[in-house]
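Subject: Structure handover

Hello,

The structure is below for you to take over. My notes on what was found in it follow.

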Amino acid sequence: MYTYEILRYPDKRLFIKAIKVSESEFGSEGLHDIVDKMFKTMSRYKGIGLAATQVDIHKRIIVIELDDNKYVIINPEIVNKSETLTSSREGCLSVPQVYGEVSRPDSISLHYQDLKGENNYIDADGLLATCIQHEIDHLNGIVYVDRMKGLKKSMLLKKYEKMNKY
């Protein structure tokens with residue numbers, strides 16, 4: 001099975017807001033195929049999370065592999081988030097070879113659907129919460145670089161341009 005190519009910043013397609021996976025798509029071979037290829041793509045590029053937007057599929061699908069656990073998160077909705085923010089160093093397969101500090105809520109409660117369309121809830125904190133929020137940003141057309149401000153953002157983008165010569 002082949003893998004997808006990952007869109008690279010500043011590709012305009014990264015800023016398209018993804019649409020919900022429809023009820024008729026759940027359980028389908030097409031949806032399973034997308035998810036399988038997303039996991040293979042993420043593994044190929046040595047990532048821990050991937051949003052469908054990053055592979056030019058504008059549906060609300062996220063895959064995460066963290067601490068030997070695999071997560072398939074479809075149509076995610078954060079229903080609660082802590083007021084406490086944590087700043088962490090983030091990287092992104094769409095912005096390779098550079099990392100930046102981003103502040104996010106340190107814990108979240110998430111409603112989502114699985115491959116069968118069944119409703120699920122998860123409480124996440126730490127790296128899992130950060131990863132989920134990062135990938136939901138992609139589904140909303142936001143790249144982590146856009147969460148940074150001022151000089152830090154400018155320096156990161158200059159380093160990225162130099163390393164990737166886009």
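**Pockets, helices, strands and backbone**

The second largest pocket holds about 170 Å³ of space. Please keep in mind that the model is a predicted one.

The lining of this second largest pocket consists of Ile 78, Lys 81, Ser 103, Arg 104, Pro 105, Gln 133, Ile 136, Asp 137 and Arg 147. By class, three of these residues are nonpolar, two are polar and four are charged. At least two lining residues come from each of β3 (69–81), β5 and α2.

The largest pocket has a volume of about 380 Å³. Its lining is made of 20 residues, of which Ile 48, Glu 90, Gly 91, Cys 92 and His 134 are the closest to the centre. Two or more lining residues are given by each of β4 (85–92), β5 (95–105) and α2 (126–139). The lining of the largest pocket splits into eight nonpolar, eight polar and four charged residues.

**Helix α2**

How many of the 14 residues of α2 are buried? The count is 12, so the helix is largely enclosed by the rest of the structure. The buried residues are Leu 128, Ala 129, Thr 130, Cys 131, Ile 132, Gln 133, His 134, Glu 135, Ile 136, Asp 137, His 138 and Leu 139.

Just after the helix, Gly 141 has a positive phi of about 80°.

**Helix α1**

Helix α1 covers residues 29–44, 16 residues in number. From first C-alpha to last it reaches 22 Å, close to the 22 Å expected at 1.5 Å a residue. Its buried residues are Leu 31, Ile 34, Val 35, Lys 37, Met 38, Phe 39, Thr 41 and Met 42. In an α-helix there are 3.6 residues a turn, so residues three or four places apart point the same way. What do the buried residues of α1 pack against? They pack against β1 (49–51), β2 and β3.

Strand β2 (residues 61–66) runs antiparallel to β3, and six bridges join the two. Ile 61 stands opposite Ile 74 in β3. The two strands form a hairpin with two residues between them, and in the turn Asp 67 has a positive phi of about 50°.

β3 also runs antiparallel to strand β6 (residues 107–113), with five bridges joining them. Here Asn 80 has Ser 109 in β6 as its bridge partner.

Val 79, also found in strand β3, gives a further view of this pairing. The C-alpha atoms of Val 79 and Ser 109 are separated by 5.6 Å, although the two residues are 30 residues apart along the chain. Beyond its neighbours within four places in sequence, Val 79 is in contact with Ser 109, Leu 110 and His 111. Is Val 79 buried or partly exposed? Its relative accessible area is 46%, so it counts as partly exposed.

**Backbone points to check**

Most residues other than glycine have a negative phi, and most peptide bonds are trans. The following residues depart from that pattern.

- Tyr 9 and Pro 10 are joined by a cis peptide bond, with omega about 10°. Pro 10 belongs to the segment before α1.
- Lys 46 has a positive phi near 60° and is a residue other than glycine. It sits in the loop between α1 and β1. Its relative accessibility is 74%, so Lys 46 counts as exposed.
- Gln 97 is not a glycine either, and has a positive phi of about 75°. This residue is placed in strand β5. With a relative accessibility of 47%, Gln 97 counts as partly exposed.

Regards

Definitions and conventions. Residues are numbered from 1 along each chain as its sequence is written. This is a predicted model: local features need pLDDT of at least 70, side-chain atom pairs count only at pLDDT 80 or more; totals for chains, interfaces and linings use all residues. Side-chain values use heavy atoms; hydrogens and water are left out. On a 1 Å grid over the protein atoms alone, a cavity is a set of points where a 1.4 Å probe fits but cannot get out, and a pocket is an open set with protein on both sides within 12 Å along at least five of seven lines; lining residues have an atom within 4 Å of a point. Grid points are joined across faces, edges and corners, and a volume is the space filled by probe spheres set on the points. Helices (H or I, at least four residues) and strands (E, at least two) are DSSP runs, numbered from the N terminus. Ala, Val, Leu, Ile, Met, Phe, Trp, Tyr, Cys and Pro count as nonpolar, Asp, Glu, Lys and Arg as charged, and the others, Gly among them, as polar. Two strands pair if DSSP finds at least two bridges between them. The expected span of a helix is 1.5 Å times one less than its number of residues. Buried means under 20% relative accessible area, exposed over 50%, partly exposed in between (1.4 Å probe, protein chains only). Contact means heavy atoms within 4.5 Å.
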